[in-house]
Amino acid sequence: MRRNLLFQSIGAIALLGAGLGGGYWLAVERTHPQGAAGPDAHSRAPVRGSPPAAAAGGGIDPKTGREVLYWQDPMVPGPKFDKPGKSPFMDMQLVPVYAGEPEDDGKVAISPRTVQNLGIRTTEVKPGALDMGFSAVGAVSIDERGITAVQSRVNGYVEKLYVRAQYDSVRSGQPLADIYAPDWLSAQDEYLALKRSLRPGADALAQAARERLVLLGIPEEQIRAIERDGKSDSRITLNAPASGLVWELGVRDGVAVSPGMTLFKLAPLATVWVNAEVPETQAALIRPGILVEGQAAAFPDTVFKGRVEALLPDVNSTTRTIKARIVLANPGGLLKPGMFTRIEFGGRNKNGLMVPTEAVIYTGTRNVVIVADGESKFRPMDVKVGRDSGDLTEILKGLQAGQRVVVSGQFLIDSEASLKSTLDRMNAPESAAAAKKGERP
């Protein structure tokens with residue numbers, strides 16, 4: 001009786017120990033799945049070069065007992081791993097590739113008849129240079145750096161106004177207005193009296209009086225006329241200092257003027273500004289000093305040459321454009337403020353690899369092209385794209401010159417490649433179960 005009780009106690013203790021050990025093993029498996037994290041995670045490294053031997057590569061699959069060449073992610077079949085675990089690329093487990101099975105290189109085989117029926121076309125990846133020229137539209141405005149102000153330097157009155165309307169064209173030296181200024185009369189009389197004086201030191205005083213006339217704004221031509229005729233003139237004619245438009249008109253006939261009062265503002269038309277609306281994506285291609293050409297709808301046969309003066313720090317939040325200030329030569333004053341002008345920006349990018357823009361599949365997270373490998377075999381390839389120009393796209397990384405890429409039907413091939421990878425993952429457990437039973441998968 002005691003002996004049976006002793007054996008029962010020993011058996012209970014053994015069962016308790018086995019249960020604790022099994023619980024610990026299960027907790028470890030849940031916390032650190034095989035090959036995903038934990039001590040073995042750092043030892044799982046991609047195998048480079050040719051597939052490794054069984055001893056140095058995948059070894060023996062403990063679940064099936066079959067010889068494993070390596071482990072891979074069916075969605076990214078390029079990298080190879082020497083141990084099972086979680087894929088570093090996708091949220092899935094690595095799949096074994098067994099010895100004796102054809103390797104999955106990620107290619108999709110399509111029969112030549114299907115290729116012809118689908119209208120799949122390919123083109124060669126070629127080196128070249130993108131034509132980075134583009135155009136923008138802007139409005140013509142006055143070259144504000146050339147605006148000239150005509151002001152009064154004395155108190156007086158406008159006796160006669162020769163230019164009576166804003167935006168009138170004027171020529172250099174053209175009369176603008178006659179000003180009556182009593183202060184000019186007294187200064188002129190003083191100068192003439194000193195000039196006739198024979199007293200010692202009169203010459204120096206006369207020179208100082210002449211400089212005063214200049215400071216009062218009396219033109220040099222009128223001062224010489226006073227010296228020649230020997231009589232003063234209290235009326236002065238203000239002439240245009242430069243050719244252009246009357247941008248501002250601040251006086252009328254009979255208006256009193258005072259020192260510092262702006263009577264006219266003249267804007268030149270020899271050069272004009274064009275504030276071109278440049279797309280934000282093209283702003284990096286523009287720098288001050290580059291040459292441009294302008295063309296207006298009113299003068300389709302005339303090309304206006306110019307250059308970029310500045311890229312203004314003003315971004316339109318609606319159109320996402322930046323204003324580029326263009327200085328255009330305006331022979332004959334053809335371009336008028338308010339006209340719209342089309343600006344052509346030139347330039348070429350550095351050499352690189354080019355593919356047709358239609359060959360690139362933009363998924364939002366990655367850019368893919370379908371590479372044609374051999375007869376009726378295709379595989380998707382991630383690429384890094386550069387700039388677009390017309391119907392060409394620059395490839396910065398992922399392709400080599402001479403490869404052929406699909407330009408028509410690539411979406412069907414990419415879908416077929418994704419479906420193939422999905423089926424491979426779904427069939428992997430079935431193949432392992434069949435191998436475990438000694439059946440051919």
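V246 stands opposite L266 in strand β17. That pairing belongs to a predicted model.

**Strand pairing**
- Strand β15 (residues 244-249) and strand β17 (residues 262-267) run antiparallel, and four bridges join them.
- Strand β15 also pairs with strand β12 (residues 169-170). These two strands run antiparallel as well, with two bridges between them.

**A buried loop residue**
- V125 sits in the loop between β7 (121-124) and β8 (126-131).
- V125 counts as buried because its relative accessibility is 0%, and the cut-off for buried is under 20%.
- V125 and L399 are 274 residues apart along the chain, yet their C-alpha atoms are separated by 7.7 Å.

**Aromatic rings**
- The model has two aromatic pairs. One of them is F134 with F345, a stacked pair.
- The ring centres of F134 and F345 are 4.8 Å apart, and the angle between the planes is 15°.
- F134 lies in strand β9 (residues 134-142) and F345 lies in strand β22 (residues 340-345), so the pair ties together parts that are 211 residues apart in sequence.
- F134 is buried at 12% relative accessible area. F345 is buried too, at 4% relative accessibility.

**Charges over rings**
- R325 places its charged end over the ring of W273, 4.0 Å from the ring centre.
- K80 does likewise with Y70: its charged end sits over the ring, 5.2 Å from the centre.

**Helix α4**
- Helix α4 (residues 202-215) has 14 residues. At 1.5 Å a residue it should span 20 Å, and its end C-alpha atoms are 20 Å apart, so the two values agree.
- The buried residues of α4 are A202, A206, A209, R210 and L213. They cover an arc of only 105° around the axis, so they lie on the same side of α4.
- The cover over these buried residues includes α3 (182-196) and α5 (220-229).
- A204 and L215 are exposed, on the face of α4 turned away from its buried side.
- Just after α4 comes G217, with a positive phi of about 95°.

Definitions and conventions
Residues are numbered from 1 along each chain as its sequence is written. This is a predicted model: local features need pLDDT of at least 70, side-chain atom pairs count only at pLDDT 80 or more; totals for chains, interfaces and linings use all residues. Side-chain values use heavy atoms; hydrogens and water are left out. Two strands pair if DSSP finds at least two bridges between them. Buried means under 20% relative accessible area, exposed over 50%, partly exposed in between (1.4 Å probe, protein chains only). Rings of Phe, Tyr and Trp (its six-membered ring) pair if their centres lie within 6.5 Å; planes under 30 degrees apart count as stacked, over 60 as edge-to-face and the rest as tilted. A charge sits over a ring if NZ of Lys or CZ of Arg is within 6 Å of the ring centre and within 35 degrees of the ring normal. The expected span of a helix is 1.5 Å times one less than its number of residues. The arc is that of the directions from the helix axis to the C-beta atoms. Contact means heavy atoms within 4.5 Å.
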